[in-house]
Amino acid sequence: MNVRTKTGRRRYRTVKFDAATNEVVLIEQRLLPHRFELVRTRDFRATARAIMDMVVRGAGAIGAAAAYGLAQGARTFRGTSLTSFDRHVEKVFEVLKEARPTAVDPVNAMLEVRAKMAAGRTIGERQNLALAAAEHFADENVAHCEAIGRHGAKLIRTGMRVLTHCNAGWLAFVDVGTATAPMYAAQAAGRKFHVFCDETRPRCQGASLTAWELAQQGISHEVIADNAAGFLMSRGEVDLVIVGSDRTLGRTGEVANKIGTYTKAVLAHRHDIPFYVAIPLSTIDWNLKSGRAIPIEERDAAETLGAWGVTRRGRREYVRVANPTSGARNPGFDVTPPELITSIITPAGIFKPRELWRHRARLGGPA
Ligand code: MRU
């Protein structure tokens, strides 16, 4: 998307690869919206750390970062034995996979890269195929988000008030985003609407990232405290909810997404407000049979006990909010059951959550 900086307006991808230096280039998301900076990871371990520390975050963006990270790791191998090379790639795969557990996109992305690499007969061929496959994943991620925009734009009419949770925008993908894709497409079609961005405690991706994106894009929006959504819904001030997902089960239609999504789905159901989930195909997990089996990331208690912000002097600082002697639980994600979801917007069209399995051939699922 286009980013306005001091030097003008430029188009950026959230994640890209510099083949000459073998570095992954990332937007440093922890500094946004206060500072726009690019960072480079020099090896696959640094890429894994950037995913773990949330320099790059969001299901599709960490999927692309992992795909590039795998290619980056493969390209540093200097030996001559194909068996050792494969063992090295396996280690790189495991390190990147461990970085964050809930989103399935990194694993799906790396499996795709690994499968394509297997066609190479030499180490050099496999290294080249790895990078080509990672580039393909990133490009396809953008194409999927654009297609989500085409399918989802019709849901947004002029005058509507749309609620979204966390950041499933272009920062969470390579470009365009998923929950935001219908918004950007509706805007391009000349429609005027308003977006409520859930603040999304504890890391505030809605208040910081989604609000920044929408401001960059000139879309009318306001940040609301997470607890305000129910009140606004009860007063008829929300017409539609669109969220993203980190893992959607193809067999059951259950949706894992940022903590607080389930609460919003319950509220939307109570108030008869359509609740949509937007996903690229790499977010579908065709294997798990139950939402209970989704690994839910438990994050550092410090996130819940305090908050990061920027001082008047521009310094990024953490402040403790909670009682100093109290601990905290901090699950990063929750799971919304299919009966609370109106439909799922995919690049192949809009489906009822329980119909994903029936349409698996169109959605890149198993035979
Ligand atoms: O913990 P994050 O910021 O990586 O959270 C993931 C997400 O971006 C959200 O859950 C989002 O709604 C899913 S779509 C990428």
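User: In S11, which residue is the bridge partner of arginine 247?
Analyst: First, the ground rules: this is a predicted model, in which local features need pLDDT of at least 70, side-chain atom pairs count only at pLDDT 80 or more, and totals for chains, interfaces and linings use all residues. Residues are numbered from 1 along each chain as its sequence is written, and side-chain values use heavy atoms, with hydrogens and water left out. Strands (E, at least two residues) and helices (H or I, at least four) are DSSP runs, numbered from the N terminus. In S11, the partner of arginine 247 is alanine 256.

User: Do S10 and S11 run parallel or antiparallel?
Analyst: Two strands pair if DSSP finds at least two bridges between them. Strand S10 (residues 247-249) and strand S11 (residues 255-258) are joined by 2 bridges. Threonine 248 stands opposite valine 255 in S11. The two strands run antiparallel.

User: Which residue in the turn of the S10 and S11 hairpin has a positive phi?
Analyst: The hairpin has 5 residues between its strands. The phi in question is about 80 degrees, and the residue is glycine 253.

User: Which residue of S16 is the bridge partner of lysine 258?
Analyst: S11 is joined to strand S16 (residues 333-336) by 4 bridges, and the two run antiparallel. The S16 partner of lysine 258 is phenylalanine 333.

User: Which are the edge strands of the open sheet of 4 strands?
Analyst: The sheet has the order S13-S10-S11-S16, with mixed pairing. An edge strand pairs on one side only; here the edges are strand S13 (284-285) and S16.

User: In S9, which residue is the bridge partner of leucine 163?
Analyst: Strand S6 (residues 161-164) and strand S9 (residues 240-243) run parallel, joined by 2 bridges. The partner of leucine 163 is valine 241.

User: How does H2 run relative to H5?
Analyst: Helix H2 (residues 59-75) packs against H5 at about 170 degrees, with the axes 8 Å apart. Angles under 35 degrees count as roughly parallel, over 145 as roughly antiparallel, 65 to 115 as roughly perpendicular and the rest as oblique. So H2 is, relative to H5, roughly antiparallel.

User: How many nonpolar residues does the contact of H2 with H5 have?
Analyst: Among the contact residues are Ala64 and Tyr68 of H2, and Leu131 and Phe137 of H5. Ala, Val, Leu, Ile, Met, Phe, Trp, Tyr, Cys and Pro count as nonpolar, Asp, Glu, Lys and Arg as charged, and the others, Gly among them, as polar. The contact has 4 polar and 2 charged residues, and its nonpolar count is 10.

User: Which element gives the most to the lining of the largest pocket?
Analyst: On a 1 Å grid over the protein atoms alone, a pocket is an open set of points with protein on both sides within 12 Å along at least five of seven lines, a cavity is a set where a 1.4 Å probe fits but cannot get out, and lining residues have an atom within 4 Å of a point. Of the 25 lining residues, the closest to the pocket centre are Arg30, Arg203, Ser208, Trp308 and Arg316. H7, H10 (301-305), S14 (306-310) and S15 (316-320) each supply at least two. With 5 residues, the element that gives the most is S14.

User: How much space lies in the largest cavity?
Analyst: Grid points are joined across faces, edges and corners, and a volume is the space filled by probe spheres set on the points. There are 2 cavities of 30 Å³ or more. Of the 23 residues lining the largest, the closest to its centre are Arg57, Gly58, Ala59, Asp246 and Phe333. Its space is about 200 Å³.

User: What distance separates the C-alpha atoms of arginine 362 and asparagine 330?
Analyst: Arginine 362 is in the segment after S18. Not counting residues up to four places away in sequence, arginine 362 touches Ala348 and Phe351. Asparagine 330 is 32 residues from arginine 362 along the chain, and their C-alpha atoms are separated by 37 Å.

How values were computed
Axes are lines fitted to C-alpha atoms, for helices over the stretch in contact, and angles run from 0 to 180 degrees between N-to-C directions. Contact means heavy atoms within 4.5 Å.
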